[in-house]
Amino acid sequence: MRSVIFIMALAAAFGFYPLTAIAQNAPAAKTFSANEIHKLAEKAGQGDARAQIDLAGVFASGQGLLNKDYAKAMKWYLRAADQGYAEAQYNIGLLYANGYGVKQDSQEAYFWLILAAASGEKNYVTARDEVA
């Protein structure tokens, strides 16, 4: 549940359209200290999918950075998605749906959202259906 709330908050924070309706009432995304971000980067580099997803969220939000870096966010989401994490697949779908860090591509967004929706998570199914 924590993961879903985190992702929904990210979606709301980035103004994803048309998928923002899903996240309208989501709480703010978790913030990380510089030390926590450093630890996330270490764990992410070691293959920890939860850390990869959280680190991707840091890059996507621009937290502690000069600018948002969607390309780096995509890199870390892809690594977690390769491990089968629906949350990462969902976020990749959102990035493609909105053209953040990648060329906007509704077919690619739909592909990733189909993978995420296979987890059965209601919000992922809704997002997939909205892109379809």
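Biologist: Why is Arg 50 called partly exposed?
Modeller: Its relative accessibility is 24%. Buried means under 20% relative accessible area, exposed over 50%, and partly exposed in between (1.4 Å probe, protein chains only). So Arg 50, at 24%, counts as partly exposed.

Biologist: What should I know about the model itself?
Modeller: It is predicted: local features need pLDDT of at least 70, side-chain atom pairs count only at pLDDT 80 or more, and totals for chains, interfaces and linings use all residues. Residues are numbered from 1 along each chain as its sequence is written, and side-chain values use heavy atoms, with hydrogens and water left out.

Biologist: What makes Asp 54 and Arg 50 a salt bridge?
Modeller: The term needs a side-chain nitrogen of Lys or Arg within 4 Å of a carboxyl oxygen of Asp or Glu. Between Asp 54 and Arg 50, the closest N and O atoms are 2.9 Å apart. That meets the cut-off, so the pair is a salt bridge. Both residues lie in helix 3, four residues apart, about one turn of the helix. Helices here are DSSP runs (H or I, at least four residues), numbered from the N terminus.

Biologist: Is Asp 54 buried or exposed?
Modeller: Asp 54 is buried, because its relative accessible area is 5%.

Biologist: Which salt bridge joins Arg 50 to Glu 87, and how do you know?
Modeller: The closest N and O atoms of Glu 87 and Arg 50 are 2.8 Å apart. Glu 87 lies in helix 5 (residues 86-98) and Arg 50 in helix 3, so the pair ties together parts that are 37 residues apart in sequence. Glu 87 has 6% relative accessibility, so this residue counts as buried. Arg 50, Asp 54 and Glu 87 are linked in a network of salt bridges.

Biologist: How many salt bridges does the whole structure hold?
Modeller: The search finds three. One of them pairs Asp 129 with Arg 128, at 2.8 Å from N to O. Asp 129 has 45% relative accessibility, so Asp 129 is partly exposed. Arg 128, at 22%, is partly exposed too.

Biologist: Why is Gln 52 called buried?
Modeller: Its relative accessibility is 2%, so Gln 52 counts as buried. Gln 52 also lies in helix 3 (residues 49-61). Beyond its neighbours within four places in sequence, its contacts (heavy atoms within 4.5 Å) include Trp 76 and Arg 79.

Biologist: What makes helix 3 mostly covered?
Modeller: Of its 13 residues, 11 are buried.

Conventions: Helices (H or I, at least four residues) and strands (E, at least two) are DSSP runs, numbered from the N terminus.
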